[in-house]
Amino acid sequence: MKTAVDVSTFARAESDVAIKKIHDAVGFNAWLHYRAPVPIDQQNVIRMNRDTLYSAVVLDLSVPAVITMPETSGRYQSLHVISQDHYSYAKTSPGRYEITREEVGTRFAYIIVRTFFSPDDLDATNALQDALHVEGGGSGPLEIPDWDIEQMMTAREALN
């Protein structure tokens with residue numbers, strides 16, 4: 001049975017659906033790198049940047065994880081941590097960052113890293129994506145409701 005979505009449950013449903021999409025593609029604690037700008041007609045988030053490449057990972061915070069952002073020689077790179085309740089925070093400097101359930105507030109976290117990209121240096125951008133590293137984190141299972149996507153889309157439209 002599908003779990004109902006309305007304005008009061010929308011944030012959790014939206015986050016869980018995004019988490020499930022990445023988890024279904026690569027599992028826990030593994031990076032999914034978008035190696036080129038996402039085509040405008042294929043964006044799963046409204047208004048994705050055209051000058052950054054995206055990397056995503058889902059963490060099971062039943063075990064703390066550490067994400068390492070590489071030295072970028074001044075190139076913009078940001079790490080955006082999103083809870084299942086859609087609360088978030090960001091880091092914008094190279095370094096090692098411990099991500100815990102206590103800090104995030106939910107068992108699962110969706111991490112998005114944006115790395116500045118210019119068409120003349122795609123290889124350098126991809127190398128910075130490859131230098132992202134995850135240590136630790138749990139191994140699941142992914143326990144989230146089976147949200148009613150049609151109701152979620154209706155709630156999204158109402159909120160927009």
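**Helices, strands and loops in a predicted model**

Me: Which strands and which helix are included in what covers the buried residues of H1?
Reply: This is a predicted model, and helix H1 takes in residues 10-26. The buried residues of H1 are Phe 10, Ala 13, Ser 15, Asp 16, Ile 19, Ile 22 and His 23. What covers these buried residues includes strand E1 (32-33), strand E2 (52-60), strand E4 (77-83), strand E7 (108-116) and helix H4 (149-159).

Me: Which residue with a positive phi follows H1?
Reply: The residue that comes after helix H1 has a positive phi, near 80°. That residue is Gly 27.

Me: How wide an arc around the axis do the buried residues of H3 cover?
Reply: In helix H3, which takes in residues 122-130, the buried residues are Thr 125, Asn 126, Leu 128 and Gln 129. They lie on the same side of H3, because the arc they cover around the axis is only 155°.

Me: Which strands are included in what covers the buried residues of H3?
Reply: Thr 125, Asn 126, Leu 128 and Gln 129 are the residues of H3 to be covered. What covers them includes strands E1, E2, E4 and E7.

Me: Which residue in E8 is the bridge partner of Thr 68?
Reply: Strand E3 (residues 65-69) and E8 run antiparallel and are joined by 4 bridges. Within E8, the bridge partner of Thr 68 is His 133.

Me: Which residue in the turn of the hairpin of E4 and E5 has a positive phi?
Reply: E4 and strand E5 (residues 88-91) pair in the antiparallel sense over 4 bridges, and in E5 Lys 91 is the bridge partner of Leu 79. The two strands form a hairpin with 4 residues between them, and the turn residue with a positive phi of about 70° is His 86.

Me: Is Thr 106 buried or exposed?
Reply: Thr 106 sits in the loop between helix H2 (101-104) and E7, where its side chain reaches the backbone oxygen of Phe 108 at 2.8 Å, while a polar atom of that side chain lies 3.0 Å from the backbone nitrogen of Gln 84. Leaving aside neighbours within four places in sequence, Thr 106 is in contact with Arg 12, Leu 61, Ser 83, Gln 84, Asp 85 and Arg 101. Its relative accessibility is 4%, and the cut-off is under 20%, so Thr 106 counts as buried.

Me: Which proline has a cis peptide bond from Gly 140?
Reply: The bond in question has an omega near 15°. The proline is found in the loop between E8 and H4, and it is Pro 141.

Me: Is Ser 73 buried or exposed?
Reply: Ser 73 is in the loop between E3 and E4, and its phi, near 55°, is a positive value in a residue other than glycine. Its relative accessibility is 73%, and a residue over 50% is taken as exposed, so Ser 73 counts as exposed.

Conventions:
Residues are numbered from 1 along each chain as its sequence is written. Side-chain values use heavy atoms; hydrogens and water are left out. The expected span of a helix is 1.5 Å times one less than its number of residues. Buried means under 20% relative accessible area, exposed over 50%, partly exposed in between (1.4 Å probe, protein chains only). Contact means heavy atoms within 4.5 Å. The arc is that of the directions from the helix axis to the C-beta atoms. Two strands pair if DSSP finds at least two bridges between them. A polar contact is a pair of N or O atoms within 3.5 Å; within protein, one must be able to donate a hydrogen and the other to accept it, and residues adjacent in sequence count only if both atoms are side-chain atoms.
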